[in-house]
Amino acid sequence: MLKHFFRTSRESVFTSLTKPSIAMFSGAEGQKTSLKKYSLTAKADQNGKLHLKGKELGEVTFQNALEANLGSLLTCEHATLKFWARTKNIEITGFEVKELNGIIDTRGFGGVPGVPSRFLEVNGLIEIDGNMTDKQLQELHERVAKSCPVYDLYQAAGVKMDVKWVKKA
């Protein structure tokens, strides 16, 4: 089986997302539901790089669509983490992706029957800094896994999620 690994760069893709709007999560915890539309533009250059631009995203460039997909997962988890942390009076002061890998069997992309073309697994390590205990970080991680919309898409697709969160020492 051929597998490819896609790793995000160590550069933060969150520069324009360090202060996510709580308004985008107004349906949380039984509050009145409100819908919000997200829009962006994208352009692929002659080298295959994908350039995305959005009102809340800012401008980001990825090598390919799979890296963009992992970036979407990370930005959503980050925004969801910050929202839930605020509900517990926890301040998140750092969110550093030490490693993130998306594993895909390229036979699925090639159309081999029975082989999914999606990520099979996402694994990695994220170091988080803030005024929380290890237990609180674990609780936040569980809450994010249940409420992050992009994480939910991965889970619904059957992707094995194994991204460890650790508190910055």
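Strand E5 (residues 92–105) and strand E6 pair in the antiparallel sense, and 11 bridges join them. In this predicted model, E6 also pairs with strand E7 (residues 160–167), here in the parallel sense over eight bridges. The protein chain contains four helices and seven strands, and its elements follow the order β-β-β-β-α-β-α-β-α-α-β along the sequence.

**Chain overview**

- Of the 169 residues in the protein chain, 40% count as buried.
- Among contacts in the protein chain with a separation of 6 or more, 68% come from residues 24 or more positions apart.

**Strand E6 and its partners**

- Strand E6 spans residues 119–130, and nine of its 12 residues are buried, so the rest of the structure largely encloses E6.
- In the antiparallel pairing of E5 with E6, leucine 100 stands opposite glycine 124 of E6.
- In the parallel pairing of E6 with E7, glutamate 121 stands opposite lysine 160 of E7.
- Glutamate 127 is another residue of strand E6, and its relative accessible area of 19% makes it buried, because the cut-off for that class is under 20%.
- Once residues up to four places away in sequence are set aside, glutamate 127 touches Gly94, Phe95, Glu96, Lys98, Val166 and Lys168.

**Helix H1**

- Helix H1 covers residues 65–87, and 17 of its 23 residues are buried, which leaves the helix mostly covered.
- At 1.5 Å a residue, the 23 residues of H1 should span 33 Å; the C-alpha atoms at its ends are 33 Å apart, so the two values agree.
- Asparagine 89 follows H1 and has a positive phi, near 55 degrees.

**Packing of H1 against H4**

- Helix H4 consists of residues 149–156, and it packs with H1 at an angle of about 130 degrees, the two axes lying 7 Å apart.
- On the H1 side, the contact is made by Asn69, Leu70, Ser72, Leu73, Cys76, Glu77 and Thr80.
- On the H4 side, the contributing residues are Pro149, Val150, Tyr151 and Tyr154.
- Classified by residue type, the contact of H1 with H4 comprises seven nonpolar, three polar and one charged residues.

- Glutamate 77 lies in helix H1 and counts as buried, because its relative accessibility is 1%.
- Apart from neighbours within four places in sequence, glutamate 77 is in contact with Val144, Cys148, Tyr151 and Trp165; Tyr151 is one of the H4 residues that make the helix contact.
- Glutamate 77 and alanine 145 are separated by 68 residues in sequence, while their C-alpha atoms are 8.2 Å apart in space.
- Asparagine 69 is also placed in helix H1, but it counts as partly exposed, with 34% relative accessibility.
- Leaving aside neighbours within four places in sequence, asparagine 69 is in contact with Phe119 and Tyr154; Tyr154 belongs to the H4 side of the helix contact, whereas residue 119 falls within strand E6.
- Asparagine 69 and glycine 102 are 33 residues apart in sequence, with a C-alpha to C-alpha distance of 9.4 Å.

Technical notes. Residues numbered from 1 in each chain as written. Predicted model: local features only at pLDDT ≥ 70, side-chain atom pairs only at ≥ 80, totals over all residues. Heavy atoms only, no water. Axes fitted to C-alpha atoms, helices over the stretch in contact; angles between N-to-C directions. Helix = DSSP H or I, 4+ residues; strand = E, 2+ residues; numbered from the N terminus. Contact = heavy atoms within 4.5 Å. Nonpolar A, V, L, I, M, F, W, Y, C, P; charged D, E, K, R; others polar. Expected span 1.5 Å × (residues − 1). Buried < 20%, exposed > 50% of the residue type's maximum accessible area, 1.4 Å probe, protein only. Pairing = 2+ DSSP bridges.
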